[in-house]
Every structure is written in structure tokens, then in C-alpha cells.
Amino acid sequence: MSRTLAMVTSYFDGVVPAPGEATKAEVVLGEKAAEAAAGLDRGVEALDPAGALEAVMSLARATNLYINEAAPWKLAKDPSPEARQRLATVLYSATEAIRQLSVLFSPRCPRRRGGSGHSSACPVWRPARSPLPSPGATWRPAPRSSGGRRCSPAWRPRGDGRRALSRPGSESGLDWVDAHCHLDDVGGGRKPSLQAVIERARAAGVERMVTIGTDLATSRAAAGIAAAHEGVWAAVGVHPHDATTLTGEALDELEALASEPKVVAIGEIGLDYFRDLSPRDVQQEAFRRQLALARRLGVPVVIHMRDAHRDVFGILEEAGAPERLVFHCFSGGPADAARCLELGGYVSFAGNISYKNAQDLRDACAVVPLDRLLVRDRRPYLRPSRTGEAK
Ligand SMILES: [Zn+2]
Ligand SMILES: [Zn+2]
């Protein structure tokens with residue numbers, strides 16, 4: 001579903017397109033939506049939460065099925081006017097179904113009355129059964145997280161937001177996963193020791209960590225650290241800066257490392273045209289070969305992409321993106337973020353999102369659904385700014 005919304009952003013500029021003629025599939029989806037709303041009301045009326053939830057879930061399943069069968073990503077590749085019109089119809093219908101789902105899934109507000117009337121009382125979401133208002137409306141992702149949910153006390157941040165960020169474990173009640181760290185960079189006789197760093201992270205609520213390799217030596221180190229420490233996993237790969245070191249033998253060794261039980265991904269790999277520390281064609285070749293390795297092993301990849309969005313997306317599209325991928329330390333605007341989502345990626349933002357001059361990055365963040373969003377601290381670089389100053 002997030003892929004569908006990303007396609008609205010990238011193909012229709014974030015504006016839900018006007019639909020063309022409905023086929024049987026759209027009619028069926030519309031019926032399912034009406035059934036789900038009625039089933040939810042019946043379930044609530046009869047104090048049968050399981051029945052109510054099942055009614056809504058059946059619409060979720062029908063929507064997924066509709067999207068899979070209509071395959072808008074295939075339509076998008078066909079430039080003919082008929083395919084374009086069909087794409088508009090499919091994206092409109094899928095977006096509308098998702099909108100209705102979000103209304104039906106919204107927690108009931110205790111202080112509001114009526115059946116699914118919650119949705120009509122909510123200033124953000126229109127009632128699920130209202131005439132469809134969407135064509136031409138701008139699809140704004142932000143209300144999804146701040147709208148329906150705001151009504152529920154369960155979704156309010158606990159306590160002081162900033163403290164929750166600095167001491168996540170105990171005060172926010174969340175378990176954190178550090179999906180991108182370089183533990184090979186600490187210890188080695190220096191203070192603090194690796195053990196101390198891991199313990200400190202755990203005390204702060206970081207339950208799991210993925211330590212990332214950037215060349216063969218750090219990949220070996222990452223795999224070793226993961227093997228020796230509970231709660232630590234590793235990714236192995238050759239960074240674009242070191243692309244010239246990716247020989248055939250190096251690739252074989254990466255493959256061997258990747259078969260170790262606690263090595264869970266290939267990375268970080270990608271393209272960096274900002275620092276250009278390796279020739280671009282060599283970077284591209286190393287990226288391609290490691291992507292192929294990840295696809296062969298069926299593991300996720302961690303992507304480093306700097307000033308090279310077009311080529312990264314191009315290579316992923318032409319070679320076929322692995323099923324799971326993380327764009328770490330994302331830079332770029334909303335359209336780039338939408339492409340990342342379309343490719344099935346998770347998008348990770350670092351502290352620079354808080355800088356005054358980073359509006360484009362904040363806009364990009366706004367198009368990423370919460371279930372695809374990663375945040376990271378990335379110390380000691382790109383520290384979050386407390387005052388919003390540009391750096
Ligand atoms: Zn890194
Ligand atoms: Zn990186």
C-alpha cells in the first residue's frame with residue numbers, strides 16, 4: 001500500500017488522479033469497502049471487537065489483492081494513453097480504499113459519539129461513506145499519522161518528547177534497534193571499550209544493533225563482533241569509496257561471510273558522487289555485483305547514496321532491487337523518497353533533518369509512512385540540532 005501512495009507522489013505529483021471508467025475490479029473493491037464499514041458498525045453495536053476488526057481486515061486484504069492484480073507498477077512502464085488512464089483509475093481506487101481503511105482503523109474517540117461517526121467528527125478524515133472527494137485532492141501523508149491517531153490517548157508521546165529521545169528505553173517504553181552502526185570503529189585498545197559501548201547502548205534502550213562493514217577488513221570485523229555479542233548483527237559489503245578493492249576474491253569472501261549466522265545483510269554498498277573517492281564506473285560495477293550477491297542470497301541491502309540518486313535508482317531498476325533495502329542517511333527531496341518507497345525501501349533519516357536549511361529533507365520525510373521510516377543519530381556526525389541552526 002505504501003508503494004501505491006509513493007506512486008501517486010512520483011507519477012501524479014502527489015495529486016490523486018481522476019479515475020477513468022471503472023472495471024469489475026473497482027466495483028468489487030467498492031462493495032468490499034461498503035461491507036467493511038457496515039460490518040464495523042455491526043461489530044461495535046454488538047460489542048464484538050473481533051468481528052469489527054475482521055470486517056475491516058477483509059477490506060485490507062481486498063485492497064492488497066486489488067493492488068497486486070492491477071499491478072500499477074507495470075502500467076507505469078507503459079507510456080500509451082490507455083495505460084496512463086488505467087494507471088490513474090487504479091491509483092485513485094487504491095488510494096481511496098487506503099483512505100477508507102485508515103478511517104475504519106482509526107481508534108474511536110471516547111469523547112465523540114456515533115458509530116463510525118468518529119470519522120465524520122474528525123477534522124482530518126472525511127467519513128468513509130461520503131461521496132469520494134479525492135480526485136484532484138492533494139494526497140498529504142502527514143494527517144495519516146497526526147490525524148486519526150491524535151484522538152487516541154494511546155498514541156500520545158509519553159512524557160517529555162526530548163527526554164524520550166535521549167533515554168529511549170526506560171522512558172518511552174520503546175525498544176530501539178540501531179540499524180546502522182560501525183562498532184568496528186570503537187575499542188581496539190581505545191576507550192571506551194567495545195563492551196562498554198554496547199552496554200551503554202543497551203542501558204539506553206537499544207536492544208539490537210546492526211554493525212555495518214565498509215570494506216573487507218571492517219566486514220570481517222563486523223561479522224566477528226556480531227558472533228561474539230548478543231543482540232548484535234552484521235552487514236558485510238564494500239562501500240563506494242573502496243569500490244576499487246572489490247576483486248573477485250573479495251566478493252567470494254563477502255559471500256562466505258554472508259553465510260555466517262549473524263550476518264543479515266549486504267552493505268553498505270552504493271554510489272557516492274559527492275566525494276568521488278573511486279572512479280564512478282568502478283563504483284557502479286561494485287554496486288551491481290554486490291546487489292547481485294544480495295539477490296542470490298536473498299538478503300537485504302544497506303544503500304549509501306550521495307549525490308548519485310539517479311544512477312542508484314537506475315541500477316536498482318535495471319538489475320531488480322532485492323526484496324528489502326534500507327536507504328541509510330537519506331538525502332534528497334520528496335520525489336527521491338517516493339522512488340525509494342516504490343523500490344520497496346526503508347528510508348532512514350539522520351540528525352541533519354533538524355537543520356534550518358533542511359526543509360526539502362523534512363518534506364521528504366513527510367512522504368515516508370511510519371512503517372518504512374528509520375531514524376538515526378549518526379553521531380558524531382550530523383548531530384541533531386536543538387536550535388534548528390544550519391550546519
Ligand atoms: Zn555507515
Ligand atoms: Zn554511508
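Below are my entries, from the whole chain down to single contacts.

**Ground rules.** This is a predicted model, so I kept in mind that local features need pLDDT of at least 70 and side-chain atom pairs count only at pLDDT 80 or more, while totals for chains, interfaces and linings use all residues. Residues are numbered from 1 along each chain as its sequence is written, and chains are lettered from A and ligands numbered from 1 in the order in which they are written.

**Whole chain.** I counted up the secondary structure first: 16 helices and eight strands. Helices (H or I, at least four residues) and strands (E, at least two) are DSSP runs, numbered from the N terminus. Next I checked burial, and 37% of the 391 residues count as buried. For that label, a residue needs 20 or more other C-beta atoms within 10 Å of its own, with C-beta atoms placed from the backbone. Then I looked at contacts, meaning two residues whose C-beta atoms, placed from the backbone, lie within 7 Å. Of the contacts with a separation of 6 or more, 70% are between residues 24 or more positions apart.

**The sheet.** In what order do the strands of the open sheet run? I read it off as β1-β2-β3-β4-β5-β6-β7-β8, with parallel pairing. Two strands pair if DSSP finds at least two bridges between them. The edges are β1 (176–181) and β8 (373–375), each pairing on one side only. From one strand to the next, the twist averages 25°.

**Around β4.** Nine of its 10 residues are buried, so I noted the strand as mostly covered. On one pairing, β3 (residues 232–236) joins β4 in the parallel sense over three bridges, and V236 has I266 as its bridge partner in β4. β4 also runs parallel to β5, with five bridges joining them; there, D272 of β4 is partnered by R306 of β5.

**Further along.** β6 (residues 325–327) and β7 (residues 345–349) pair in the parallel sense over three bridges. I looked up L325 and found G345 as its bridge partner in β7.

**α12 with α13.** Two packed helices are described by the angle between their axes and the distance between the axes. The axes are lines fitted to C-alpha atoms, for helices over the stretch in contact, and angles run from 0 to 180 degrees between N-to-C directions. Helix α12 (residues 248–258) packs against helix α13 (residues 280–297) at about 30°, with the axes 11 Å apart. α12 and α13 are therefore roughly parallel, a label for angles under 35 degrees. From α12, the contact uses L251, L254, E255 and A258, and from α13 it uses R289, L293 and L297. I sorted those residues into five nonpolar, no polar and two charged. Here Ala, Val, Leu, Ile, Met, Phe, Trp, Tyr, Cys and Pro count as nonpolar, Asp, Glu, Lys and Arg as charged, and the others, Gly among them, as polar.

**α1 with α5.** Helix α1 (residues 2–12) and helix α5 (residues 81–105) pack at about 135°, their axes 10 Å apart. T4, L5, M7, V8, Y11 and F12 of α1 meet L87, L91, A94, T95 and I98 of α5. This contact divides into nine nonpolar, two polar and no charged residues.

Notes. Parallel < 35°, antiparallel > 145°, perpendicular 65-115°, else oblique. Buried ≥ 20, exposed ≤ 12 C-beta atoms within 10 Å, placed from the backbone.
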